[in-house]
Amino acid sequence: MSPDFDILRNAYILTAVASVTFGVIGSFVVARRIGYLTGSIAHSAFGGVGVGLWFKQCVETGALGIMGIAALFASTEKDALNLCRTWSGFIDPVLSALLFSILAALLVDWVRRNAHEREETILGAIWAIGAAAGLLFLEQVKGYVSATTYLFGDVLLVSSLDVNLTFILSAVILLLILFNFKKLEAVCFDEEYAELRGVNVRAQNRLLLVLTAATVVLLMRVVGMALIVALLTLPAAAVCRFTKRLGSTIIGSIVVCFVGSWLGIWLSYLLNCSTGPTIILVVALFYVAALALQKLLQAQLTLRR
């Protein structure tokens, strides 16, 4: 095994597992045409990261009355502080990001159905509030915390814990998709027909948004919050140029995500540049190539006629 693979092993494993989820959810997002909602959900997740890191610090230092709670289980102040530090180890900003993104998904669903204001205005507000809250809470965290890591990703620094969490979250998402595939497919292509067939359209739309929110959290370590929309939609959009079948789109999207992510990781390591943006540029090149190939095939068909 080469030294390079030793360094990049966790990044390769995480992106290999996550590519399956990205391809599946991205295909549904493109088919349902809700890519514009993903940005609002993503930046709400960024707010969750800021809150999670701030709360982790509060628990570690015994703030917010947590020291008093720890004192109930410790005999000395030093023991209470050590207990606070132990508790802080169980707090993961990824979990708070997941909570915030799911809440944002449910809020987005409510906005789409009930808001009297212009939908894009409210979604833009959710986008801005999530980003602003994340930055403000990150400023309160003592020590060095790079907002760039969460905004643009840093997959080269993922740990074994990140890989395990990705496995678990991906498995849950894919199982829910598997059990609801036909219903989600019907809702994506024809809501009225699905409703006539007895499908609970509102519940399925809400489920898709929640699963998209969970996928956003998976994408966070790969490309960051600012670039999530691109990696979630470009692979499926490229494949859709050649097929309208959802199953084929899913398979093609998984392949594009997988190849694009691995190639982006390798190039970023080779060129010593940021991994997230490199992955996005590689996937974007695939999309441009798909557009060019589609135009070429259409031109050839026109000439034959």
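User: What should I know about the model before I start?

Analyst: It's a predicted model, where local features need pLDDT of at least 70, side-chain atom pairs count only at pLDDT 80 or more, and totals for chains, interfaces and linings use all residues. Residues are numbered from 1 along each chain as its sequence is written, and side-chain values use heavy atoms, with hydrogens and water left out.

User: How many cavities of 30 Å³ or more does the structure hold?

Analyst: The general idea comes from a 1 Å grid over the protein atoms alone: a cavity is a set of points where a 1.4 Å probe fits but cannot get out, while a pocket is an open set with protein on both sides within 12 Å along at least five of seven lines. Lining residues have an atom within 4 Å of a point. Points are joined across faces, edges and corners, and a volume is the space filled by probe spheres set on them. Here there is 1 cavity of 30 Å³ or more, and the largest cavity has a volume of about 90 Å³.

User: Which elements give two or more residues to the lining of the largest cavity?

Analyst: Helices are DSSP runs (H or I, at least four residues), as are strands (E, at least two), numbered from the N terminus. For this cavity, the elements are α8 (160-179) and α11 (201-220). The largest share, 4 residues, comes from α8. Among the lining residues are Leu 14, Val 94, Asp 162, Leu 165 and Arg 221.

User: And how does the lining of the largest cavity split by class?

Analyst: Ala, Val, Leu, Ile, Met, Phe, Trp, Tyr, Cys and Pro count as nonpolar, Asp, Glu, Lys and Arg as charged, and the others, Gly among them, as polar. On that basis the cavity lining has 7 nonpolar, 1 polar and 2 charged residues.

User: What about the largest pocket: what is its volume?

Analyst: About 320 Å³. It's lined by 17 residues, and the closest to its centre are Val 30, Ala 31, Arg 33, Cys 240 and Lys 244. Two or more residues each come from α1 (3-32), α9 (181-189), α13 (246-271) and α14 (275-304), with α1 giving the most, 4 residues. By class, the pocket lining has 8 nonpolar, 4 polar and 5 charged residues.

User: Arg 33 turned up there. Is Arg 33 buried or exposed?

Analyst: Buried means under 20% relative accessible area, exposed over 50%, and partly exposed in between (1.4 Å probe, protein chains only). Arg 33 counts as exposed because its relative accessibility is 70%. This residue lies in the loop between α1 and α2 (35-61), and it has a positive phi of about 60° although it isn't a glycine.

User: Where is Asn 272 found?

Analyst: In the loop between α13 and α14. Asn 272 also has a positive phi, about 55°, without being a glycine. At 73% relative accessibility, it counts as exposed.

User: Which residues make the nonpolar surface patch?

Analyst: Ile 13, Phe 167, Ile 168, Val 172 and Leu 176 make a patch of about 420 Å². α8 gives the most to it, with 4 residues. Ile 168 is found in α8, and at 54% relative accessibility it counts as exposed.

User: How do patches get picked out?

Analyst: They're made of residues with over 30% relative accessible area and no salt bridge; like charges are joined within 9 Å, and nonpolar side chains (Val, Leu, Ile, Met, Phe, Trp, Tyr) within 5 Å. A salt bridge is a side-chain nitrogen of Lys or Arg within 4 Å of a carboxyl oxygen of Asp or Glu. Areas come from the Shrake-Rupley method with a 1.4 Å probe, and for residues only the protein chains shown count as cover.
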